[in-house]
Amino acid sequence: ARYKVGYIVGSLAAASINRALSRALIRLAPPELEFVEIPIRDLPLYSYDYDADFPAPARALKQAIASVDAVLFVTPEYNRSIPGALKNAIDWASRPWGDNSFARKPSAVIGASPGKIGTAIAQQSLRSVLGYCNSPQMNAPEAYIQFRPGLISETGEVGDAGTEQFLRKFMAEFHGFVAQVMTALPPAGT
Ligand code: FNR
């Protein structure tokens, strides 16, 4: 079976290394996975005052998540947590109460940073958020990518054979995980 993956890049930066990483992951993914970006840039800051009437970017976000089989988070670490823009997007998607877009939606997390621990603490924080949102998460492999110039080009070419092989394996495992969850927890109506 083919599966549709929505990917969310946690960085809004024009030269984001995590966006480059997302391009590498798409290149290296098995052919059974197709990808669509779920943009978070235009979302206003969430408040429950919006719950009765979500603005267009927030409706689009929820629709985009509903239309994919799984979500892949590719995120930097900001101050040992996830960027505010990403947390804001997750808060939007989790609401209004009773309409949480992440419930039973399989996910995986990965990230790159020039720092030695490669977004490990941000990922742990994100895993806690996704756990609360009832998203079944791929537990392993974990992927903490320490970025250095030349490791991944802007277009997603990987300059290191070991890293390339590791990222390919990560995506193959993600495919297996999504297939397993979709079999165990088929979406309502199928
Ligand atoms: C950072 N950076 C960073 N790196 C890290 O490994 N741990 C951290 O806690 C932080 N904190 C942090 C806070 C803020 C506000 C910024 C702007 C940056 C450095 C960060 O990893 C680096 O800027 C990456 O290039 C960010 O990824 P993108 O945006 O290029 O994908």
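## Packing of helix 5

The buried residues of helix 5 pack against strand 1 (3–9), helix 1 (17–28), strand 2 (33–37), strand 3 (70–74) and strand 4 (107–113). Here, helices (H or I, at least four residues) and strands (E, at least two) are DSSP runs, numbered from the N terminus, and packing rests on contacts, in which the C-beta atoms of two residues, placed from the backbone, lie within 7 Å. This is a predicted model: local features need pLDDT of at least 70, side-chain atom pairs count only at pLDDT 80 or more, and totals for chains, interfaces and linings use all residues. Residues are numbered from 1 along each chain as its sequence is written.

Leu167, Phe170, Met171, Phe174, Val178 and Val181 are the buried residues in helix 5; a residue is buried if 20 or more other C-beta atoms lie within 10 Å of its own. An α-helix has 3.6 residues a turn, so residues three or four places apart point the same way.

## Overall fold

The chain holds five helices and five strands, in the order β-α-β-α-β-α-β-α-β-α along the sequence. Of its 190 residues, 37% are buried. Among contacts between residues at least 6 apart in sequence, 81% join residues at least 24 apart. Along the principal axes, the C-alpha atoms fill a box of roughly 50 × 35 × 25 Å.

## Ligand surroundings

Around the ligand are 13 residues, of which Ser11, Asn18, Pro76, Ser113 and Gly115 come nearest; a residue counts as near if its C-beta atom, placed from the backbone, lies within 6 Å of the molecule.

Conventions. Buried ≥ 20, exposed ≤ 12 C-beta atoms within 10 Å, placed from the backbone.
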